[in-house]
Amino acid sequence: MEEPISWQDFSKIDMRVGTIIAALDFPEARNPSYKLHIDFGEEIGVRKTSAQITEKYTKEELIGLQVTAVINFPKKQIANFMSECLILGAVDNSSVVLLQPQMKVPNGLKIS
């Protein structure tokens, strides 16, 4: 277990629900990955990220999938791509299962 954080620390993390609208190959990445475009609704817009999720997901099945992501991390350069959010998943070595709402919700809905 990691070091405990305060409620105030947790409240600084901006997690939102978005819908994957594009999934592209990312051959330049060090590990097998996709480039994802995620729609977080009108207020936030579309953000890009890369994700090492090729073991369990095809590009085709990702389109339209609602996922949870942290949207207030600084941008991060990954190979020749600028990641703008961090998609959340349960990680077991190289295998990742994406965190998703159980039912469809509006894009941009805040997780708390």
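Which residue in strand 9 does Asp-92 stand opposite? The residue is Ser-95.

## Basis of the model

This is a predicted model, in which local features need pLDDT of at least 70 and side-chain atom pairs count only at pLDDT 80 or more, while totals for chains, interfaces and linings use all residues. Residues are numbered from 1 along each chain as its sequence is written, and side-chain values use heavy atoms, with hydrogens and water left out.

## Overall architecture

The chain contains 2 helices and 10 strands; these are DSSP runs numbered from the N terminus, with helices being H or I of at least four residues and strands E of at least two. Their order along the sequence is α-β-β-β-α-β-β-β-β-β-β-β. The radius of gyration, 14 Å, is close to the 13 Å that the globule rule gives for 112 residues, so the chain is as compact as a globular protein of that length. The radius is taken over C-alpha atoms, and the rule is 2.2 Å times the number of residues to the power 0.38.

Buried residues account for 38% of the 112 residues, where buried means under 20% relative accessible area with a 1.4 Å probe, protein chains only. Of the contacts (heavy atoms within 4.5 Å) between residues at least 6 apart in sequence, 60% join residues at least 24 apart.

## The nonpolar core

A nonpolar core is a set of buried Ala, Val, Leu, Ile, Met, Phe, Trp, Tyr and Cys residues joined through side-chain atoms within 4.5 Å. The largest one here has 19 residues, and those with the most contacts inside it include Ile-20, Leu-36, Ile-38 and Leu-62. Two or more residues each come from strand 1 (15-25), strand 2 (34-39), strand 4 (66-70) and strand 9 (95-98). Strand 2 gives the largest share, 3 residues.

Beyond its neighbours within four places in sequence, Ile-20 is in contact with residues including Leu-36, Ile-38, Leu-62, Val-67 and Ile-87.

## The hairpin of strands 8 and 9

Strand 8 (residues 89-92) pairs with strand 9 in the antiparallel sense over 4 bridges; pairing requires at least two DSSP bridges between the strands. The hairpin has 2 residues between its strands, and Asn-93 takes a positive phi near 60°.

## Arg-16

Arg-16 lies in strand 1 and is buried, at a relative accessible area of 13%. Leaving out residues up to four places away in sequence, Arg-16 touches, among others, Phe-40, Ile-44, Val-67, Gly-108 and Ile-111. A polar atom of the Arg-16 side chain lies 2.9 Å from the backbone oxygen of Gly-108.

Conventions
Buried < 20%, exposed > 50% of the residue type's maximum accessible area, 1.4 Å probe, protein only. Polar contact = N/O pair within 3.5 Å; in protein donor to acceptor, adjacent residues only side chain to side chain.
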